[in-house]
Each structure stands twice: as C-alpha cells, then as structure tokens.
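Biologist: I have a few quick things to ask about this one before we move on. Could you put the structure up?

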Amino acid sequence: RTQRLARCVRARMALQITRRGRLVACTLTRPAALNALNFEMVCELRGLLAACASERDECRVLLVEGAGGKAFCCGGDVKAVAQDALAGGSLARSFFADEYALNAELAEFPKTQVSVWDGVVMGGGAGLSVHGKFRVATERTVFAMPEAAIGFFPDVGASHFLNALPGRAGTFLGLTGARIGARDACRLGLATHFVPSARVPELEEALSDCGSAQDVDARLRALGRDAEPPPAMSAGHSLELNAPAIERCFGAGSVREIVAALELEQSEWATATLGTLRKLSPTSLVAILHLLRQSEGRPLRDCLAREYELAQKLTALPANGSPPSDFFEGIRAVLVDKDQKPAWRPATVEELDVERVVAHLFGPLSDSDIAGTVASLRGPVQEPAMRVPLGQL
C-alpha cells in the first residue's frame, strides 16, 4: 500500500488535472523529459479514464496536453525499463502491460478525447492519442515512431494504426522512424484537425460546454478556420511528394527487397532513406516488418497482445550469458552515453538470419505469466489499481 501511494503521489506531480464545465483537462507535466510516460503516469492515466467513464453527464470531453511548449509526449520511459531489466527487475512486464491496457481503454473510452499535438509526439505519445477520437495538430507538430533507432519496435498499437494508413505510408514510418509535420499528419489521418498554435490556449474554454463529439468537432473546425498546415520543410521530408516511391519500395515483402528497391530509385530521397535504414537495428527492422505484415486487418486488442509478446522478448536478458538484445545497446547509445554509435548484432541486414530471428521473436511463449497478460489484453482489461477522485476537482 505504501509503494502504491508513493507511485500515486509521483504521478500526480507529473499530471495536472482540472475541470471546466463538462471538460476534464489533463496536462502531462514532465517538460524536462519531453513529457515521457513513466509507469506511475500510465497507472494514473488509467485511473483518470475510469473515473471519467463512470460519470454520466458531468464529464463529456477529456482534453490531454503536454506542458513546456516543446512536446505533447515523446514516448514511454524506456530508459527506466532497460535499467531496471539490467538490475534484474521486472518493470518491463508491468509497464508494458499497463501501457497497452491504457491504449485499449483509450480506444474504447465512451467520452470524447482530444489530444493536442503542439510539438513532439512520438512512440508512447502516439499511443496516448491516436486511439482517441480527435488529434489536433499545429504548425509545431512533429510526429514519428523512431523505435528502430533504439533496437525496439513501434508498439502501443502501432501495428494496428500504422497498417490503417493509406498505402504503405505506415510501413515507411514504422521502419524509418521518419519525422513528419502537420500537413502529412493531417493528410494521412493521424491528426484529425489543424489549429494554429497561437489558438491552443482557447481550447479549454471552447470545449468546456460541449455535450457530444459533433459539438467538439464543430468547435475545433471553427478554431482552425482559414488556417492551413504548413508545407514540409523540404521535398525530401514530404510523404505527399514521395508517395509513389514509398508505394514502389515499401510494398516489398522483406527488408532486403525494400533496400534493393530503394537502390533502384536513384533519387535523393531514396539515398537518404537508405542511409537512415543502414543506421537502424537490422533485427528491429526485420521484426517490425514481420509484425506489420502479420497484423494487417487484425483488431487492436490482438495487435496489442502480439506487441506485448515481442516487447517481453526484446527486453529479456538471455539466461545463457549471450549478449543482450539490440534494445539495451540502443538505449545505451541514444539515451545513456548518447554517443549515437550503437554496435548492432549483427551490424547489417545482409548478415542477419531472418528465419532464425523471426522464429525466436515470434515463436511460442514459455512463460505462463506473460501468456496470462497476453490473454488479458485480448479480453476485457482489468480495473486500474488507482482511480482519480474527480469529485474533488
């Protein structure tokens, strides 16, 4: 009980929750960490959803924002997960179980969720918003799923929502971790509305008396009237301009075939994309493509369950003394030492035994506890351990 209370107190320090009419506003307040989600925040957010869902008329809209002016949320606190695993802990099991449960609950949330992408939204930040009703982009929006750069994979339901994007844009974003702005985010349907950053402070008042999703949609459209998302920084950063090449290259059936197709393109965009792929974990690239292809057309809960299995395999330390997965090396290079020089094993896609990697990462589970969590993700999610007392706000 003492540990749970301590987690709750820390989470409340990182979440600011207020009420205004029929609106509950939740602000992520870890600006120094670009509002990265830690385990305590995930648990508190699950409690907040449960509390909002239990109110019939008092809460109709949940507004989620990020503090600090730089980010909505840059992702989950995977550095803490890696450090805990190296110390022999089990945070990876509880963190991903609750985070993925939160993603499922967001998709099934009976109230209207509005997330404000006024800055960086990556990884877990996407999972905290994409499954909700509305996502508001601004001219400062930067969206990406860059997990292959740390030896991991786009999770939080990405194997579901990336596959729902037009053509092979989802495969491109999932493999390369490419950053896109508001224009491409709106065009792909990742963002549902565009509102200039200067008008974001008006959102709470504008939405405070909304009684339905239709009301919210109308208010968001009004705030964004006569405003257009800015164009991409350059042609090389525009998914819209490179859509035909993305279709030609990223519809291939293997990472090696994608690389070969890019080499045939002989364009600046293709050369830059090849350079990006060469820097990423080859094991992650193979895992990501296999997961995306196997998840096409699958319901969200099934995708989350598959992702949980994969997350546990990538974050587990080998029992036989073998080198740990690329995940630990990626965290070291990007988030700990920050030398940006990961030593992947193997170093290239050409050296990788694809069949062996797929068999290992997507083979049957032997751990009954992990299997139990997978089953619960596929079924009704359990009641969160903490519930926010909205009546006190």
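Biologist: Which residues in H12 meet H13, and which in H13 do they meet?

Modeller: Bearing in mind that this is a predicted model, Ile258, Val259, Leu262, Glu263 and Glu265 in H12 are in contact with Trp269, Ala270, Thr273, Leu274, Leu277 and Arg278 in H13. The residues of that contact divide into seven nonpolar, one polar and three charged.

Biologist: At what angle do H12 and H13 pack, and how far apart are their axes?

Modeller: Helix H12, which covers residues 255-265, packs against helix H13, residues 268-279, at an angle of about 150 degrees, and the two axes are 8 Å apart. Angles over 145 degrees count as roughly antiparallel, and H12 and H13 are therefore roughly antiparallel to each other.

Biologist: And is the crossing left-handed or right-handed?

Modeller: The crossing of H12 and H13 is left-handed.

Biologist: Switching to strands: what is the order in the open sheet of three strands?

Modeller: The order is E4-E6-E8, and the pairing in this open sheet is parallel. On average, and with direction ignored, neighbouring strands of the sheet are turned by 15 degrees against each other.

Biologist: Which strands stand at the edges there?

Modeller: Those are E4 (71-73) and E8 (142-144), each of which has a single partner strand, so one side of each is left without a neighbour in the sheet.

Biologist: How many bridges join E6 to E8?

Modeller: Three bridges join strand E6, residues 120-122, to E8, and the two run parallel. As for a residue pair, Met122 stands opposite Ala144 in E8.

Biologist: What about E1 and E2, do they pair in the parallel or the antiparallel sense?

Modeller: Strand E1 (residues 15-20) and strand E2 (residues 23-28) pair in the antiparallel sense, over six bridges, and Ile17 stands opposite Cys26 in E2.

Biologist: How many residues lie between E1 and E2 in that hairpin?

Modeller: There are two residues between them, and Gly21 in the turn has a positive phi of about 60 degrees.

Biologist: Last topic, the whole chain. How many helices and strands does the protein have?

Modeller: The protein has 18 helices and nine strands. Its radius of gyration is 21 Å, close to the 21 Å that the globule rule gives for 393 residues, so the protein is as compact as a globular protein of that length.

Biologist: And what box do the C-alpha atoms fill?

Modeller: Taken along the principal axes, the C-alpha atoms of the protein fill a box of roughly 60 × 55 × 40 Å.

Notes
Residues are numbered from 1 along each chain as its sequence is written. This is a predicted model: local features need pLDDT of at least 70, side-chain atom pairs count only at pLDDT 80 or more; totals for chains, interfaces and linings use all residues. Side-chain values use heavy atoms; hydrogens and water are left out. Axes are lines fitted to C-alpha atoms, for helices over the stretch in contact, and angles run from 0 to 180 degrees between N-to-C directions. Helices (H or I, at least four residues) and strands (E, at least two) are DSSP runs, numbered from the N terminus. Angles under 35 degrees count as roughly parallel, over 145 as roughly antiparallel, 65 to 115 as roughly perpendicular and the rest as oblique. A crossing is left-handed if the near helix is turned anticlockwise from the far one by less than a right angle, and right-handed if clockwise. Contact means heavy atoms within 4.5 Å. Ala, Val, Leu, Ile, Met, Phe, Trp, Tyr, Cys and Pro count as nonpolar, Asp, Glu, Lys and Arg as charged, and the others, Gly among them, as polar. Two strands pair if DSSP finds at least two bridges between them. The radius of gyration is taken over C-alpha atoms; the globule rule is 2.2 Å times the number of residues to the power 0.38.
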